[in-house]
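The structure is shown first.

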Amino acid sequence: MSYLNHQSLPATQLKVLNSALCLFVDKGFFNTSIPDLVKHSGVSTGSIYHAFKDKQTIAETLMAVLLQQIDNEQQAILSQHQDSWSRFYAFCEWMMQTAVEHPHVMQFLLNARHKEFMPELPPVCSSKPFMTLRDVIAQGMEEGVVRDMDIMVAAASSFGGIMRLIQLNLDHMLERPLMSYLDEITQTCWRSIAND
């Protein structure tokens, strides 16, 4: 099932980007060729080169579109939940559900060595979606439900456990389905920063 659905992009570009997402995770950026993308996406070589200058441009476009789509999904969550605990829980549920339904997305974000093939890219953890997660914890501090502490420590403590559990799921190390851990992991992570 394809993850990217950016409304402003032509269908052929989305096919190539969704294929690149899968292939860059499965084979690695350097081991993925344009013929691989042609075969996987069903888009002709000419159409790929017409839409994207080269494989590097595909990777850069993929990252930009992926981060924009994640930001859009996060903004929808923020609009539906007002307090920091509800937002934290909803973000954790969304991240875990995305890992279940679209494992290549999480593998690309968490495991791909982006700097090797996109050296100019700022660290992914400094991108807007990751800053939004941090802002939810900062909101909790403002509300008085999260202890006053270094924001990076608080963000790492709260979302780090979620990310680790997602990684364990991607590595097929969990005994149960990932979503069955949702309540326990969110409550455990929140308690690590909660202002009791």
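In which helix does Gln107 lie? Gln107 belongs to helix α6, residues 103–111; helices are DSSP runs of H or I with at least four residues, numbered from the N terminus. The model is predicted, with local features needing pLDDT of at least 70 and side-chain atom pairs pLDDT 80 or more, while totals for chains, interfaces and linings use all residues. Residues are numbered from 1 along each chain as its sequence is written, and side-chain values use heavy atoms, without hydrogens and water.

Leaving aside neighbours within four places in sequence, Gln107 is in contact (heavy atoms within 4.5 Å) with Val25, Ala112 and Leu170.

Helix α10 (residues 182–191) has Leu182, Ile185, Thr186, Cys189 and Trp190 as its buried residues, buried being under 20% relative accessible area and exposed over 50%, with a 1.4 Å probe on protein chains only. They lie on the same side of α10 because they cover an arc of only 125° around the axis, taken from the directions from the helix axis to the C-beta atoms. Glu184 and Arg191, on the other side, are exposed.

| Helix | Residues |
|---|---|
| α5 | 84–101 |
| α8 | 128–143 |
| α9 | 151–170 |

Technical notes: Helix = DSSP H or I, 4+ residues; strand = E, 2+ residues; numbered from the N terminus.
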